[in-house]
Amino acid sequence: MAFEPKEPQKELKYDELRIYSDDELNNYTEEELKNFKIKHDIPMVEDLESGPWPSFVADAKREALHRRKLGQDRLMIEQDVVEDMLGQLEVSFQDGETHWKHGGIVGVFGYGGGVIGRYSDLQEQFPSIAHFHTLRVNQPASKFYSTDYLKTICDLWEFRGSGMMNMHGSTGDIIFLGTFTEQLEPIFFELGHVLQQDLGGSGSNLRTPSCCIGKARCEFACVDTQELCYELTHYYQDELHRPQFPYKFKFKFDGCPNGCVASIARSDMSFIGTWRDNIRIDQEAVQAYIGGEIAPNGGAHAGKDWGKFDIQKEVIDLCPTRCMWMEDGKLKIDDKECTRCMHCINVMPRALRPGTDTGVSILLGAKAPILEGAQMALLTIPFMKAEPPFDNIKEKVIEPIWDWWMEEGKNRERLGELIQRQGVQKLLEVLNIPPMPQMVKEPRANPYIFWKEEDVPGGWDRDIKDYRARHKR
Amino acid sequence: MALSQERLGRYNPDKPMENRLTDLGPRHYWQYFPPVIQNNYGKWLYHEILEPGVLVHVSETGDKVFTVRCGGCRFMTVENVREICEIADKYCDGYVRFTTRNNIEFMVDTQDKLDALVKDLRSRKHVSGSYKFPIGGTGAGVTNIVHTQGYIHCHTPATDASSMVKSIMDELFDYFQGMTLPAQVRVSMACCLNMCGAVHCSDIALLGYHRKPPIIDSEVLESVCEIPLVIAACPTAAISPAKTEEGKKTVKIKKERCMFCGNCYTMCMALPLSDKEGDCVTLLAGGKLSNRISPPKFSKVVIPALPNNFPRFPETCEAIKKIIEAYAADARKYERIGDWAERIGWEKFFEKCGIPFTEHLIDDYRLAYDTYRTSTQFKFTEAAWAVSKAAGGIE
């Protein structure tokens with residue numbers, strides 16, 4: 001498999017890049033942590049330290065202690081930022097209201113996205129979170145990391161920021177959570193020059209694209225989601241960083257219809273890997289499932305006794321199109337009836353595999369409720385080959401859609417809302433594709449068809465005199 | 001080039017464009033793959049779940065990769081990430097990955113390394129007792145809850161996120177560490193209708209909700225907001241222009257038309273709508289986004305408002321547990337919560353889960369009609385007898 005980054009990748013060695021020494025990194029003991037009290041009284045927040053699930057409060061406290069012992073000389077923003085964040089959280093619990101101010105226009109020079117401005121409305125009480133700006137850092141595809149990279153960003157973010165992060169934000173970025181305005185440009189410079197690493201998107205931009213684990217570790221991946229995600233992210237850097245859209249725009253890439261990154265529900269343009277030939281069958285493995293030698297569904301149901309595996313009940317009868325049957329001890333599939341729902345493949349991954357003639361289905365317009373209500377993506381292009389550099393996708397799909405949306409979209413109107421407002425018919429025109437029954441669950445029930453003049457023989461203009469010649473007033 | 005330790009690092013505020021690097025994009029993924037992933041890219045044959053949270057993927061080359069999936073908080077400090085790195089350095093040749101649902105995945109290529117890794121992970125606890133890296137989140141169980149920022153960073157939340165997720169995952173911990181359910185249950189949380197977490201297609205969705213119309217800060221509205229944009233932002237046309245007694249431009253709100261989406265507040269900071277008593281948690285159920293067996297579907301509102309009872313949200317935790325337990329007891333193998341509800345009928349869902357059906361659960365927004373039942377195919381439940389009684393149809 002080719003390794004073709006857009007630019008040569010600088011090798012990162014933590015030991016050459018680091019800020020803190022080993023002694024500084026291990027500057028507190030378990031005992032000190034046990035006895036550590038933060039400067040605010042936070043009984044409700046501390047209640048969240050008990051219970052088996054990892055406690056973000058316990059985690060925050062160790063960073064608070066670590067910062068205190070590092071001392072202000074070794075930190076560019078206040079050492080007690082974590083303590084103030086926890087203190088404000090306690091006040092928010094008491095008040096039942098957030099204490100972050102609305103808005104705050106900050107950013108790095110030349111970018112309209114990537115930084116979210118945030119200020120506390122309790123600045124006197126919690127001065128070290130008076131500014132609490134976030135940076136979105138564009139994650140590598142599928143969120144694999146080397147520890148050299150992660151440890152370096154930890155040092156950078158502890159030194160110039162709060163030491164608090166999200167791994168990861170909902171869209172996929174690494175989130176640096178909380179720093180002062182002064183440090184935004186220095187952080188951006190360090191990211192670029194030392195880590196060869198860019199920010200992600202925010203605002204009315206292309207948002208940071210994200211993909212599933214794909215071919216890296218999944219037998220179902222029908223397309224190279226990482227390559228597709230990487231290429232489009234790099235190709236559309238301008239759209240990612242400089243607002244030019246009516247509102248946000250999201251690409252997400254799923255390698256198969258199982259949809260592990262939820263592209264169908266939360267991206268304006270959803271790419272889902274699929275195949276157009278036949279499901280590959282290993283009949284011996286089918287028999288091994290029937291015989292009970294292999295656990296169904298990769299062992300996903302091992303926690304409960306569901307009885308002996310029954311291929312008829314668990315696979316054939318659950319097939320949504322009933323396109324499978326057993327014949328002479330062999331599993332048969334009528335592939336032209338298959339809708340590629342993945343159930344049979346998920347249940348018997350060792351016996352069944354997606355076909356080999358693969359590509360993507362492209363679906364458009366998914367979004368969360370604001371503003372016109374939640375929308376799921378519309379199946380628009382049933383199958384498209386997806387090979388690097390993906391010029392067919394860029395030229396035939398992405399760019400015509402963006403041209404249309406930028407021309408016609410209203411302020412804060414997502415693509416899905418524009419499709420609703422102007423109609424799928426308009427979308428077909430924009431993409432220069434014919435309609436197909438696959439675009440709908442069923443044809444329309446109301447007959448109020450917006451006929452166009454050119455659809456009707458003779459056009460719309462008629463002469464009233466001609467009409468009156470046949471009909472008296 | 002080491003990280004700078006100067007106050008402004010490499011940035012010179014007098015010459016901001018000097019040596020500026022932009023549009024580098026993300027680093028290339030390939031360098032972050034462990035060798036076993038690089039060598040088997042696109043060659044995976046099948047996988048098995050060896051025990052909850054432990055997977056093996058087998059390649060056509062004969063190679064195996066063992067993955068240990070650990071629940072993680074979305075909020076992590078650098079101290080936590082450093083500990084993750086320490087583990088990855090010790091067992092995984094310095095590689096680690098995170099999942100879309102904020103789990104941490106450690107990968108090794110032999111059974112021996114796997115055993116040592118699992119043992120180590122199980123032994124790590126915070127000083128207050130919680131696991132640092134609980135193993136689970138695979139197969140027919142509950143995986144990590146994806147969520148939004150809540151009170152930790154957001155300016156519009158109607159509830160908190162990290163605390164609610166911690167409380168619920170404490171309650172659902174056995175389902176995270178087990179695979180006893182009919183299918184996977186994906187729980188998601190968003191702290192307001194903006195739904196940065198896009199929870200609208202989850203088996204169980206938690207949604208922070210404001211229930212009081214915005215307060216109008218007329219003193220500053222004119223100077224901090226674009227009034228036409230504010231008016232245009234309202235999806236129900238509840239906002240119109242107005243003037244204060246002093247003659248300042250402001251807006252007025254037809255309160256009965258407000259459905260509390262908060263879009264106006266997003267456009268205008270002079271229209272805050274958070275409120276201690278009014279803000280609540282809305283519970284939705286039955287959504288999914290996999291195409292498996294049935295098409296993806298939206299989550300449906302099943303409890304309109306649960307109290308924002310910080311920090312542990314006991315009512316919300318209890319409601320979720322009730323739904324999951326009823327589902328676990330009644331659904332068929334491979335059946336998601338939404339598929340189960342559709343098979344037995346939503347009227348039975350409410351009965352089996354012991355959830356009261358209230359008028360707030362009947363859609364009254366756009367396209368509401370699509371959700372009406374226009375058939376005599378229904379099942380009798382207590383709720384049906386209550387209507388018959390109220391209408392005088394039966395004693």
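**Pocket, interface and backbone**

Analyst: Let us start with a pocket. The second largest pocket is lined by 47 residues, and Ile116(A), Gly203(A), Arg207(A), His155(B) and Thr266(B) lie nearest its centre. The model is predicted, so local features need pLDDT of at least 70 and side-chain atom pairs count only at pLDDT 80 or more, while totals for chains, interfaces and linings use all residues. Residues are numbered from 1 along each chain as its sequence is written, chains are lettered from A and ligands numbered from 1 in the order in which they are written, and side-chain values use heavy atoms, with hydrogens and water left out.

User: What makes a space a pocket and not a cavity?

Analyst: Both are found on a 1 Å grid over the protein atoms alone. A cavity is a set of points where a 1.4 Å probe fits but cannot get out. A pocket is an open set with protein on both sides within 12 Å along at least five of seven lines. Lining residues have an atom within 4 Å of a point. The second largest pocket holds about 1,500 Å³ of space. That volume is the space filled by probe spheres set on the points, with grid points joined across faces, edges and corners.

User: Which elements give two or more residues to the lining of that second largest pocket?

Analyst: They are β1 (115–116) and β2 (134–137) of chain A, together with α8 (263–267) of chain B. Helices (H or I, at least four residues) and strands (E, at least two) are DSSP runs, numbered from the N terminus.

User: How many cavities of 30 Å³ or more are there?

Analyst: The count is nine. The second largest cavity has a volume of about 140 Å³. Its lining has 14 residues, with Lys248(A), Lys250(A), Ala368(A), Arg414(A) and Met195(B) nearest the centre.

User: What makes a residue count as in contact across the chains?

Analyst: Contact means heavy atoms within 4.5 Å. By that test, 146 residues of chain B are in contact with 160 residues of chain A.

User: What is the area buried between chain B and chain A?

Analyst: It is about 13,800 Å², and carbon and sulfur atoms give 59% of it. Buried area is the accessible area (1.4 Å probe) that two parts lose on being put together, summed over both. Leu3(B), Arg27(B) and His153(B) supply 6% of the area that chain B buries against chain A, more than any other three residues.

User: Why is the pair Arg10(B) and Glu190(A) called a salt bridge?

Analyst: A salt bridge needs a side-chain nitrogen of Lys or Arg within 4 Å of a carboxyl oxygen of Asp or Glu. The N to O distance for Arg10(B) and Glu190(A) is 2.7 Å, so the pair qualifies. Glu185(A) and Arg20(B) also qualify, because their closest N and O atoms are 2.9 Å apart. Between chain B and chain A the count is 12 salt bridges. Over all chains it is 57.

User: How do you know that some backbone spots stand out?

Analyst: Most residues other than glycine have a negative phi, and most peptide bonds are trans. Lys143(A) is not a glycine, yet has a positive phi of about 60°. Lys143(A) sits in the loop between β2 and β3 (144–146) of chain A. The peptide bond from Met167(A) to His168(A) is cis, with omega near 10°. The bond from Phe310(B) to Pro311(B) is cis too, with omega near -5°.
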